[in-house]
Amino acid sequence: MNGDRVVPRRVADLALAVVIGAIVVVAAAFDAGTEPADHVLIVTGSLALAAYRTAPRAVLAVTTAALTAHVLHADPGPVAALPVVGAVHTAAQAGHRGVGAAAGAVFLGATLVAGPATPGTVERTALLAGWFLCAVVTGLAGRNWQAYLRQTEQRALEAERTREEAALRRAGEERLRIARELHDSLTHSISIVKLQAGVAVHLARKRGEEVPPALLAIQEAGGEAMRELRATLDVLRTDEPTGTPALLVERARAAGLAVGLTVTGRERPLTATVDRAAYRIVQEALTNAVRHAGHASVAVRLDYEERELAIRIDDDGTAEPSRPPAEGIGLTGMRERVAALGGTLHAAPRAEGGFSVRARLPLEHA
């Protein structure tokens, strides 16, 4: 992006230098004392202005020396001061107002010395002094304006960052509030149901009676509900990853899932949002594979491309394109994460059997 802007700026700077040089050359053509050497001095001093952004003091020195020599040799009109006025302006805008004022004084001294001792020479020198004064003042004004714009931009960025931090803080507080509400209400109720079912099963077995299947189902469902609730509360209490995709693969492999990990491209640190999204995508895909794919093998692939991170998780389970599974909360949350980053997600059964999750996350997300 910055490189695309530099080239047009350099072309514009060169065009401005050529225009100034052309004006001075045309004006010098009507002066009787102009010689070919004077044209060389004018062109040298004018074209040097093209580099004022990168080397303002060097441009000021070259332009002042060339045009001062031209004034001492040919005693031209006031137009010859135009390149020096421009160099003084750019030097003052870059913060070198003292050097710019000194260069203007040197040029004015040469103009006063080169001309005849007449009132006209004094008036021309006074006119040029006004030009140089305006060049210094406008250069300082431009510098102050640029500083003001930079400060305004920094304040806007700081305000945006503060708003984002406040929004994240409010979201975290809301997650904690929901977690507390769920813990205080559902956990107690499910615990009572599970406890009562357990007591009933124990008493039935103690009396030698057959335990009703419905009672066993209630006891098992209560335990499963407690485990799911704890997992949900853990997610609500923190949204930060607790490891890396590689660690998720290791955990899944230790739990008995046949899973492999392949990483290609130049692996590099990711932003917090992209890193969190990649972790959750791999986590959800592996969780779904454990729950629904049976004794399947899973392949996890991370491709670090130039501008995107490509994530692919394939399993060879029982899913078929003719019977696509219903999209649950996990896949919905996955889609929301990817959409928030401006990426793409494809999650569907594979034609050869099994399920595939493919996501592409922009690495330069802001």
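## The largest cavity and its lining

By class, the lining of the largest cavity splits into six nonpolar, two polar and two charged residues. Here Ala, Val, Leu, Ile, Met, Phe, Trp, Tyr, Cys and Pro count as nonpolar, Asp, Glu, Lys and Arg as charged, and the others, Gly among them, as polar. This is a predicted model, where local features need pLDDT of at least 70 and side-chain atom pairs count only at pLDDT 80 or more, while totals for chains, interfaces and linings use all residues. Residues are numbered from 1 along each chain as its sequence is written, and side-chain values use heavy atoms, with hydrogens and water left out.

The residues doing the lining are Val 71, Asp 75, Pro 76, Gly 77, Pro 78, Ala 81, Phe 107, Thr 111, Arg 124 and Leu 128. Two or more of the lining residues come from each of α5 (97–114) and α6 (119–206). The space inside is about 40 Å³, and the count of cavities of 30 Å³ or more comes to one. On a 1 Å grid over the protein atoms alone, a cavity is a set of points where a 1.4 Å probe fits but cannot get out; a pocket is an open set with protein on both sides within 12 Å along at least five of seven lines; lining residues have an atom within 4 Å of a point. Grid points are joined across faces, edges and corners, and a volume is the space filled by probe spheres set on the points.

Asp 75 sits in the loop between α3 (56–74) and α4. Its phi is positive, about 50°, although Asp 75 is not a glycine. Most residues other than glycine have a negative phi. Asp 75 counts as partly exposed because its relative accessibility is 29%; the cut-offs are under 20% relative accessible area for buried, over 50% for exposed and partly exposed in between (1.4 Å probe, protein chains only).

Thr 90 belongs to helix α4 (residues 82–93), and at 12% relative accessibility Thr 90 counts as buried.

## The sheet

Five strands make an open sheet with mixed pairing, in the order β1-β2-β3-β5-β4; two strands pair if DSSP finds at least two bridges between them. At the edges stand β1 (258–265) and β4 (344–349), each with a single partner strand, so one side of each has no neighbour in the sheet. On average, neighbouring strands are turned by 10° against each other, direction ignored.

β2 (residues 297–304) and β3 (residues 308–315) pair in the antiparallel sense over seven bridges, and Leu 302 has Ile 311 in β3 as its bridge partner. Helix α8 (residues 245–254) packs on the sheet, touching β1 and β2, and its direction makes about 160° with that of β1. Axes are lines fitted to C-alpha atoms, for helices over the stretch in contact, and angles run from 0 to 180 degrees between N-to-C directions.

## The whole chain

Overall there are 10 helices and five strands, where helices (H or I, at least four residues) and strands (E, at least two) are DSSP runs numbered from the N terminus. Buried residues make up 32% of the 366 residues in the chain.

Technical notes
Contact = heavy atoms within 4.5 Å.
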